[in-house]
Amino acid sequence: MPIDFNLAPEVEEVRQRVRKFMDAEVRPVEAKLQEERAERSAYVQAIIGLRQKARQEGLWNPHLPPEWAGMGLGPVGMAFVSAEAGRTTIGPFVINAQAPDEGNMHTLLHWATPEQKEKYLRPLAEGLCRSCFAMTEPEVAGSDPTLIQTTAVKDGDDWVLNGHKWFASGAHGSKFAIVIARTDPDADPPQARNTGFIVDTPSEGWEIVRDVETMAGAANHPEIRLTDVRVPAENMLGGRGEGHRLGQYRLGPARLAHCMRWIGNAEVALEMMVDRALKRYSHGSYLAEKQAIQWMMSESVMELYTGKLMVLHAAYKIENGLPFRQEVSMAKVHVANTLWRIIDRSIQVHGALGYSTDTPLESMMRTARAARLADGADEVHMQTIARNLIAAYKKDGNTRAATGELL
Ligand SMILES: Cc1cc2nc3c(=O)[nH]c(=O)nc-3n(C[C@H](O)[C@H](O)[C@H](O)COP(=O)(O)OP(=O)(O)OC[C@H]3O[C@@H](n4cnc5c(N)ncnc54)[C@H](O)[C@@H]3O)c2cc1C
């Protein structure tokens, strides 16, 4: 099979348009907001204004098909668009492809009934509301969803939900939540115990206890208490006992979408590193001329390049209906750690300035730390990767199937 690294003309065209739009419209606005240390409300106003322009330019919902006001891009096209948008913090919001809504839109598109799509996907796709996804609980390991304790019990035509969630990103201001709850405690296998529900928010019994303060500030990752929250039967999302599959389905492409944005983020940190190294003079030459600094640069370049290839290959596999779990897990761990290391090196090259709040690097670093936890901790993905490796070796006597099946 020939390998063709050329992009399809329509993807290249979209990539150029998104790049131009991000450079011309979004980056200057974000730079100004950062310089002014603007409040959240100023960011929201800026995003609203930029969204109008994005829609006029046809840069809206890149991940959705045209019947849902989308651009109809597959995962490979999305990799380019998201990397461009990920070069700014507000870019993904401007094109309505921000987490967790993007993942929720995918989930609704695939799992929701026609009625649920009209009621929940339509306004999300129109940018009229936001949503959240509530699976993780403080009391049990989020890494193992079979431990979920939030219950949903059938009562007449309704389901009644009780439980405790946290890190439901975006819950403040959400119009609805996709909640994973235990409906069948004795089901075997345990993966069949959970079911997804769409919960209108706010609704009676849905209580935002607090916005969990994180190392990146209070970034809308609330703790939620559900007390006798009544959900009509028609709000079950997917079939009964399919909550685990739904979560896995949602997180596969969503994890990769994160990687795509992180690549844009890492590019910015690397560009800052080079820019600083070209301008800072010490001990007879510019930093860019020092071998120690060049090593930091080249390590960053190689890691970023590897990450791009991994993301594109995983996207290709998803787009072509091939098994993708191994590639997505590998990409997720690699890109999350690459992002962290490149920002760290960039801070190092900036010296005290890098440690200060005068550049965005410190905030990028605090935000980047979450990448190694959210959507599956490194160790859990590594466990999956090793499990697939061992299985491949046992089956084939070699490791090719676990290493991308490329060579
Ligand atoms: C910024 C951010 C946003 C998030 N957004 C959402 C959201 O919108 N909705 C949502 O439901 N959740 C969200 N989460 C939660 C996230 O999905 C969980 O943090 C993640 O699944 C891990 O669960 P946990 O935090 O309970 O850690 P635990 O499961 O308690 O794991 C703690 C640590 O134990 C280790 N560990 C766990 N299992 C294994 C294993 N099998 N082998 C080896 N080591 C292991 C890992 O080092 C792991 O980091 C978010 C988290 C963050 C940080």
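How many cavities of 30 Å³ or more does the structure hold? There are three. This is a predicted model, where local features need pLDDT of at least 70, side-chain atom pairs count only at pLDDT 80 or more, and totals for chains, interfaces and linings use all residues. Residues are numbered from 1 along each chain as its sequence is written, and side-chain values use heavy atoms, leaving out hydrogens and water.

**View 1. Here's the largest cavity, with a volume of about 50 Å³.** A cavity is a set of points on a 1 Å grid over the protein atoms alone where a 1.4 Å probe fits but cannot get out, and lining residues have an atom within 4 Å of a point. The volume is the space filled by probe spheres set on the points, which are joined across faces, edges and corners. Look for Met135, Val140 and Ile148, which are among the lining residues.

View 2. Of its 44 lining residues, the closest to its centre are Phe5, Leu309, Leu312, His313 and Tyr316. A pocket is an open set with protein on both sides within 12 Å along at least five of seven lines. Helix α8 gives the largest share of the lining, eleven residues; helices are DSSP runs (H or I, at least four residues), numbered from the N terminus.

**View 3. Zoom in on Leu309, found in helix α8 (residues 291–319).** Leu309 counts as partly exposed because its relative accessibility is 35%; that class lies between buried (under 20% relative accessible area) and exposed (over 50%), with a 1.4 Å probe and protein chains only.

Terms used:
Helices (H or I, at least four residues) and strands (E, at least two) are DSSP runs, numbered from the N terminus.
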